[in-house]
Amino acid sequence: MNTTIEEIPVPQRRDWKELTGGFLIRHIMVVVMLLIVAFFAYRSARFATPDNLTNILIAAAPFALIALGQTLVILTGGIDLSVGSVMAASAMAAAWTAKNAGDNLMLPLLAAVVTGLLAGSINGLIVSRFGVPPFITTLGMLTLASGIAYVIGDGAPINGLPTSFGSFANTQILGLTFPVILMIIAILVLAFIMKRTNYGLRVYAIGGNRLAAEIAGVRSRSILFSVYAISGVLAGLSGLMLASRVITGAPNLGQGYELDAIAAVVIGGASLMGGRGTVWGTAVGLLLIQTINNGLDLLLVPAYWQSVIKGVIIVAAVGVDVWAARRGRR
Amino acid sequence: MKVSTVRSDDSIPVIPMLECSGITMSFGGIPVLRGITFTLEPGTVTALAGENGAGKSTLMKIASGQYRPDDGEVRVRGQHLHSGNTQAAYSLGVAIVPQELASIPELMVYENLFIGRELRNNFGVLDRRSMIKAASGYLEDFGLDTDPKTRMGALPVGVRQIIEIIKATNRGARVLLLDEPTSAIAEREVARLARIVRSLRDQGVAILFTTHKMEEIRAMADRVVVLRDGKLVSDTPLADITDDGIVTAMIGRELDQLFPDRPESGADTVLEVDNVVIAQGSEPISFSVKRGEILGLAGLVGAGRTELIECIYGIRKPVSGTVRVSGTPLKAGAPLSSIARKLAIVPEDRKGAGAVLSLSVLDNATLPRIAAFSKFGIIQGRKRRETIGAIMKSMRLKSDGLDQHLENLSGGNQQKVVFGRWLTGQVDALLLDEPTRGVDVGARSEIYRIITELSSAGMAVVMASSDMPEILSLSHRAFVMRELGVVGELDRAQLDCPNVQDTIFRLASGQSAAPVKDTTP
């Protein structure tokens with residue numbers, strides 16, 4: 001009965017077919033994505049062009065930041081519903097500052113980041129210290145931050161900003177706009193943090209089993225606090241980028257973005273129970289949603305139908321992922 | 001035992017209620033049950049005895065249709081049971097009362113009793129009044145004075161269990177499977193349970209219950225079936241077997257091989273527990289553990305063993321008192337400082353508190369000493385892989401490599417990871433809470449080997465366990481706990497006495513002449 005295996009066995013060599021099959025199943029979302037890309041490229045001549053690719057990336061950038069923040073929050077088993085409103089509040093704060101500070105670019109940037117950080121920290125504090133469920137906490141913040149956005153503009157958008165305010169979104173570096181570069185950097189940095197640092201491992205650990213993590217010496221409260229704070233800061237930056245693109249602060253900006261961000265994370269394979277998911281997954285989920293948006297636009301599908309189709313694709317994509325996960329594990 | 005098939009209608013042979021034949025099952029290549037064959041007759045109570053990991057619960061789950069055996073067949077009153085279908089088992093009259101009770105705590109007692117077959121009035125609306133009335137009748141029949149309008153979750157486990165039994169038998173269960181019915185209930189409740197079991201037996205119900213406690217077998221059963229290591233080793237009427245016979249059958253000759261030799265303990269004190277009061281009004285606890293010494297904590301469920309361990313480690317804040325490791329006091333309620341003081345814990349609830357199942361072996365093992373594997377917060381991949389690989393090799397971990405997620409490992413291997421993750425650094429005192437719960441026999445002997453190796457390497461070990469042989473064979477010294485206090489201490493010589501189990505049981509249940517408070521309500 002004591003079959004003692006002295007060494008940790010190396011995974012056995014599997015035949016080629018099984019290997020590729022396993023690979024495809026593990027990266028099922030990339031496969032789905034490629035199929036969708038192929039479909040659009042076949043149907044629309046304008047889809048597979050460098051210009052259009054750039055368009056997709058530009059549209060993805062503001063979503064990317066909040067989806068990344070959302071990824072961390074969801075990994076801990078929480079959810080951040082407030083990101084859309086925090087974007088609006090930060091955008092309004094930045095616009096207000098820009099209007100009053102003239103050509104100084106640091107002040108609006110600071111205003112947006114601080115607003116986001118403040119909102120995120122309040123979320124984090126309430127969730128980690130007082131144990132209020134994240135859903136409730138951030139639902140409250142959603143309403144609160146949206147109110148603040150309107151208060152800042154006195155119920156109206158802030159127009160007539162100095163043109164320099166547009167440089168956040170419209171400056172180009174190496175042919176890419178600043179938000180796109182920021183998105184790429186954010187993805188790379190967060191992917192590294194989540195995969196290779198103490199912090200990342202701890203986030204996964206408290207999402208997987210908070211009590212076990214605490215017993216192993218993880219300070220779960222500070223980690224929980226931090227993910228909401230990070231999500232807030234990223235929402236602040238995202239709001240600034242959106243406002244800068246149109247050089248206007250609109251209090252209804254970012255409305256409903258939280259849902260697309262959550263969809264991107266979930267399509268990326270994260271579990272809403274926490275502990276499972278990756279930054280790369282979210283990046284793929286994000287590009288998937290943006291590709292669908294863009295492709296349907298090019299095919300001149302009416303907006304309401306786009307919404308219907310997107311809804312179906314989101315659920316179907318996650319359904320495929322759940323199926324693949326079950327296959328992959330066996 | 002085979003029963004002849006029914007030939008004519010006028011001769012009424014006793015059709016067995018439940019027949020298991022050749023049940024074989026393995027999990028992940030490890031055999032759990034090997035060709036189990038037995039039958040249950042109507043109006044009998046059978047004890048299914050065996051040590052932890054003998055395969056009792058698995059057999060119960062197969063008999064109730066929850067698991068599909070790899071081989072073999074279950075027949076209920078002559079009909080084949082399609083496994084993997086609890087509903088089918090239910091309609092054939094097999095009901096299981098699992099260890100983790102399946103009642104709905106937020107609903108009231110009568111709602112729990114009638115769920116799924118609610119009474120309705122002529123308008124199709126719930127007839128609560130009739131249900132309450134019927135429910136209070138049932139409760140009375142079973143000797144419970146509980147109000148049917150009590151919330152289920154507010155009741156003690158023992159009462160909830162009886163309500164589960166009522167629920168099952170009301171729905172026509174003729175075969176009642178009770179999985180560890182007494183593991184979580186108080187002494188007084190055991191007597192009541194035994195009474196109910198006997199009265200159901202007299203009504204012709206066939207009852208099978210699992211246990212590893214001798215007293216319960218004597219109190220309830222007519223017959224005892226013993227499993228060891230997945231094999232049926234004994235199946236006899238209770239009258240034909242002695243207590244010793246049952247124990248020998250349960251433990252087998254393996255007891256000697258199961259436990260390694262106990263090394264000598266050292267001289268200098270490592271862990272000191274000084275007047276720790278676990279809860280308001282409980283007795284203060286003081287003791288010290290030497291280098292290389294294993295202190296066993298025995299007692300019934302709820303006696304305070306887990307609470308004491310948690311107080312020492314700092315997951316739970318005691319009312320008062322201090323814990324010192326090598327002379328330095330620990331900060332209460334701060335696991336991180338305990339780890340820094342070279343204290344380690346293997347908690348009772350592996351899935352809930354020990355391991356993060358969604359993480360890999362590597363990540364789980366990194367967690368407690370993450371700083372040792374990183375520079376500026378960045379994990380040093382090679383270093384940790386080497387260190388942890390070597391430790392898991394010494395643990396004889398069976399896995400597909402360090403990147404395998406813990407949820408795909410067996411209980412025993414998960415436990416090895418929970419042990420091994422501490423060994424990436426120096427440990428002075430090791431706290432173990434039920435170290436072999438849910439661990440199969442093969443892995444258990446390895447865990448015993450690990451425990452003794454660690455203690456002989458100089459760790460002070462405190463081990464809480466409900467497994468009597470574990471306490472008796474591994475500890476240098478043992479405490480018996482009751483009501484959050486220590487009620488007795490046994491040294492090595494006393495632990496070797498033949499009647500020591502009885503002594504421990506008396507102390508644990510408060511029946512001894514030892515200075516124990518009277519607790520009659």
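First, the ground rules. The model is predicted: local features need pLDDT of at least 70, side-chain atom pairs count only at pLDDT 80 or more, and totals for chains, interfaces and linings use all residues. Residues are numbered from 1 along each chain as its sequence is written, while chains are lettered from A and ligands numbered from 1 in the order written.

Chain A, then. It has 14 helices and two strands. Those are DSSP runs, numbered from the N terminus: helices are H or I, at least four residues, and strands are E, at least two.

Now the overall form. The C-alpha atoms of chain A fill a box of roughly 80 × 55 × 35 Å along the principal axes. Of its 330 residues, 47% count as buried, meaning 20 or more other C-beta atoms, placed from the backbone, lie within 10 Å of the residue's own.

On to the partner. In chain A, 29 residues are in contact with 35 residues of chain B; contact means C-beta atoms, placed from the backbone, within 7 Å. Which elements of chain A give two or more residues to this side? They are α9 (198–208) and α10 (210–215). α9(A) gives the most, with six residues.

Last, chain B. Its domain assignment, automatic or from a database, gives domain 1 (18–104 + 173–251), domain 2 (257–342 + 426–521) and domain 3 (356–425). The C-alpha centres of domain 1 and domain 3 of chain B lie 37 Å apart.

How values were computed. Buried ≥ 20, exposed ≤ 12 C-beta atoms within 10 Å, placed from the backbone. Contact = placed C-beta atoms within 7 Å.
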